[in-house]
Amino acid sequence: MSAATTRSRTPDRLCAEAVDLARSAAEEAAAPGVVGEHTGLVSEGDRVVTHFFECKELGYRGWRWAVTVARASRAKIVTLDEAVLLPGPDALLAPEWVPWSERLRPGDLGPGDLLPTDQDDLRLEPGYTGEEEPPPNSVVSEPVRELAEAEDADVTPGAPATQPTTPSRGSIASLAEELGMRRARVLSRYGLHLAADRWEEAYGAKTPMAQAAPATCLSCGFLAPIGGSLGQAFGVCANEFSPADGRVVSLSYGCGGHSEAAVMPKPPQPAAPVIDETRVDPFPLRPARDSGSVPETGDDETAELGHS
């Protein structure tokens with residue numbers, strides 16, 4: 001260990017004794033009455049010492065005021081460097097800041113909220129390549145140029161209720177609408193895989209509901225098919241009594257609301273009673289006096305009890 005390192009770890013005597021100077025600096029930077037006891041000091045280097053004071057301010061549990069003092073070489077006057085509030089080893093700290101794009105969860109978007117999408121979002125790709133566009137120096141007639149500007153596919157801001165109506169059938173915009181070419185960006189292969197994995201996890205073959213289902217959605221009459229490549233593996237449930245009503249479900253998903261589920265068996269009916277008309281059972285209108293479980297008593301025995 002070098003001599004310079006040893007000197008840097010040994011607090012300077014004059015700087016270590018400047019507790020009152022450090023306290024006055026901390027009290028000047030803090031609110032009145034929030035600077036507590038002196039809790040220690042540490043050597044920052046040659047003739048540089050930091051004093052720590054307890055912080056009594058509410059909401060800053062475990063924090064401490066750190067005041068750094070120093071003196072020049074061969075000088076006897078200690079000067080103030082800085083006074084800051086720093087967290088201690090057991091300080092109460094705020095959680096690490098996370099960007100909003102990483103904190104966003106499904107269902108957080110509410111009415112009126114805007115969710116911007118990055119230009120380089122991997123889930124999207126350009127909806128058209130632009131290879132068929134005419135060169136900039138090509139000769140285009142004025143009517144054709146005006147028609148091309150009118151049929152441009154720029155995004156129109158505003159709510160869906162204020163959007164223009166669907167263009168008339170036969171126009172360039174109508175044809176582009178049918179082919180799905182009016183969108184500036186479409187789902188990329190990566191975005192398709194993310195959506196498929198998410199839907200498969202929520203309403204797929206491995207869910208408990210699908211494991212107990214009588215059949216899959218592939219044979220269910222309530223399945224509404226969807227277009228595109230995702231239609232080969234997914235559809236929309238249209239059964240109002242199903243837990244997946246209105247959801248995109250995997251074709252291997254299933255529930256108890258399957259359209260071809262087995263009909264519940266009818267309750268068993270009791271057999272018709274059998275009547276034997278060849279035998280007659282006598283049924284006395286009045287039972288015999290000695291047919292009961294209580295022995296018959298005479299009038300003499302009940303006279304003592306006051307019975308008439």
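Predicted model: local features only at pLDDT ≥ 70, side-chain atom pairs only at ≥ 80, totals over all residues.
Local features need pLDDT of at least 70, side-chain atom pairs count only at pLDDT 80 or more, and totals for chains, interfaces and linings use all residues. Residues are numbered from 1 along each chain as its sequence is written, and side-chain values use heavy atoms, with hydrogens and water left out.

**Asn239**

Asn239 sits in the loop between β8 (234–237) and β9 (248–250). Strands here are DSSP runs of E of at least two residues, numbered from the N terminus. Asn239 is buried, at a relative accessible area of 6%. Buried means under 20%, exposed over 50%, and partly exposed in between, with a 1.4 Å probe and protein chains only.

The side chain of Asn239 reaches the backbone nitrogen of Phe241 at 3.2 Å. A polar atom of that side chain also lies 2.9 Å from the backbone oxygen of Gly257. Beyond its neighbours within four places in sequence, Asn239 is in contact (heavy atoms within 4.5 Å) with Phe222, Asp245 and Gly257.

**The cavity**

A search of the whole structure finds one cavity of 30 Å³ or more. On a 1 Å grid over the protein atoms alone, a cavity is a set of points where a 1.4 Å probe fits but cannot get out; lining residues have an atom within 4 Å of a point. The volume of the largest cavity is about 100 Å³, where volume is the space filled by probe spheres set on the points.

Its lining has 15 residues, and Cys217, Cys220, Cys237, Ser242 and Cys255 lie nearest the centre. Nine of the lining residues are nonpolar, six are polar and none is charged. Cys counts as nonpolar in this scheme, while Gly counts as polar.

Arg47 belongs to the hairpin of β1 and β2, which has two residues between the strands. β1 and β2 run antiparallel and are joined by seven bridges. Strands pair if DSSP finds at least two bridges between them. One of the bridges links Ser43 to Val49 in β2.

Methods:
Helix = DSSP H or I, 4+ residues; strand = E, 2+ residues; numbered from the N terminus. Polar contact = N/O pair within 3.5 Å; in protein donor to acceptor, adjacent residues only side chain to side chain. 1 Å grid on protein atoms, 1.4 Å probe; cavity = no way out; pocket = protein on both sides within 12 Å on 5 of 7 lines; lining within 4 Å.
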